[in-house]
Amino acid sequence: RRCAWGISPSMKPWVGVGAGIIYLALPIGFWWSLGYQSEHQEIVWLLLTFLLILQGGKTALVGAGLCAGFATLTNMTAAPYALFAAGYLLVRRKRVAWFYVVPFVVLVLGVVGVMEWRTGAYLENVIFNQVGSFPRRELLPPGENVFTYALGKIQREGMDVLRLEGGFIL
């Protein structure tokens with residue numbers, strides 16, 4: 001017997017819904033809660049994506065592709081998950097994978113194309129201006145290169161996460 005949630009037949013649906021509501025209501029961390037964070041909205045889109053993939057029908061896969069596109073447009077950290085799902089479908093379910101891939105690609109490229117055409121700044125702001133991820137040489141401290149900057153950032157951010165949220169993680 002399969003559960004509608006795709007997890008366990010013995011799990012009650014309200015348990016997952018309740019856990020999701022608690023997770024979405026709690027701030028990721030104090031510093032992150034001081035401003036708007038897109039991760040909560042991104043998680044909703046990704047959850048819908050994977051639930052629709054589990055349903056497996058052609059219409060569900062079109063919906064999953066659109067939800068994955070919305071998740072990626074909400075926060076680029078969703079891109080690897082959307083691509084992983086596409087890879088899984090292309091390997092395991094080749095005949096219907098295109099019902100996921102085509103809506104995803106059309107939505108993302110369509111929005112990026114329109115934004116780039118209208119503003120000319122989408123790629124600059126979303127991809128190239130991410131100073132924390134892709135630092136420009138003129139913004140690096142003296143004697144530091146991109147590699148040492150990245151290692152230092154991982155150390156600093158990783159320690160911040162452990163310090164602020166370590167008890168919850170453990």
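Which residues form a nonpolar patch on the surface, and how much accessible area do they have together? Leu90, Trp98, Val102 and Val106 form this patch, with about 380 Å² of accessible area together. The model shown is predicted, so local features need pLDDT of at least 70 and side-chain atom pairs count only at pLDDT 80 or more, whereas totals for chains, interfaces and linings use all residues. Residues are numbered from 1 along each chain as its sequence is written, and side-chain values use heavy atoms, with hydrogens and water left out.

**Figure 1. Overview of the chain.** The secondary structure comes to seven helices and zero strands; helices (H or I, at least four residues) and strands (E, at least two) are DSSP runs, numbered from the N terminus. Of the 170 residues in the chain, 24% are buried. Buried means under 20% relative accessible area, exposed over 50%, and partly exposed in between (1.4 Å probe, protein chains only).

**Figure 2. The nonpolar surface patch.** Patches are made of residues with over 30% relative accessible area and no salt bridge, like charges being joined within 9 Å and nonpolar side chains (Val, Leu, Ile, Met, Phe, Trp, Tyr) within 5 Å. A salt bridge is a side-chain nitrogen of Lys or Arg within 4 Å of a carboxyl oxygen of Asp or Glu. Accessible areas come from the Shrake-Rupley method with a 1.4 Å probe; for residues, only the protein chains shown count as cover. Helix H5 (residues 94-119) gives the most to the patch, with three residues. Tryptophan 98 is located in helix H5 and counts as partly exposed, at 49% relative accessibility.

Figure 3. The structure holds two aromatic pairs. Rings of Phe, Tyr and Trp (its six-membered ring) pair if their centres lie within 6.5 Å; planes under 30 degrees apart count as stacked, over 60 as edge-to-face and the rest as tilted. Tryptophan 45 and phenylalanine 70 form a tilted pair, 4.8 Å centre to centre with 40 degrees between the planes. Because tryptophan 45 lies in helix H2 (residues 39-55) and phenylalanine 70 in helix H3 (residues 58-74), the pair ties together parts that are 25 residues apart in sequence. Tryptophan 45 is partly exposed at 24% relative accessibility, and phenylalanine 70 is partly exposed with a relative accessible area of 34%.

Figure 4. Tyrosine 100 and phenylalanine 104 form a stacked pair, 6.3 Å centre to centre with 5 degrees between the planes. Both residues lie in helix H5, four residues apart, about one turn of the helix. Tyrosine 100 is buried at 0% relative accessibility, and phenylalanine 104 is buried at 9%.

**Figure 5. The largest nonpolar core.** A nonpolar core is a set of buried Ala, Val, Leu, Ile, Met, Phe, Trp, Tyr and Cys residues joined through side-chain atoms within 4.5 Å. The largest has 16 residues, and those with the most contacts inside it include Tyr100 and Phe104. H3, helix H4 (79-92) and H5 are the elements that give two or more residues to this core. Its largest share, seven residues, comes from H5.

**Figure 6. Glutamate 42 in helix H2.** Glutamate 42 lies in helix H2 and counts as buried, at 4% relative accessibility. The C-alpha atoms of glutamate 42 and leucine 73 are separated by 8.7 Å, although these residues are 31 residues apart along the chain.
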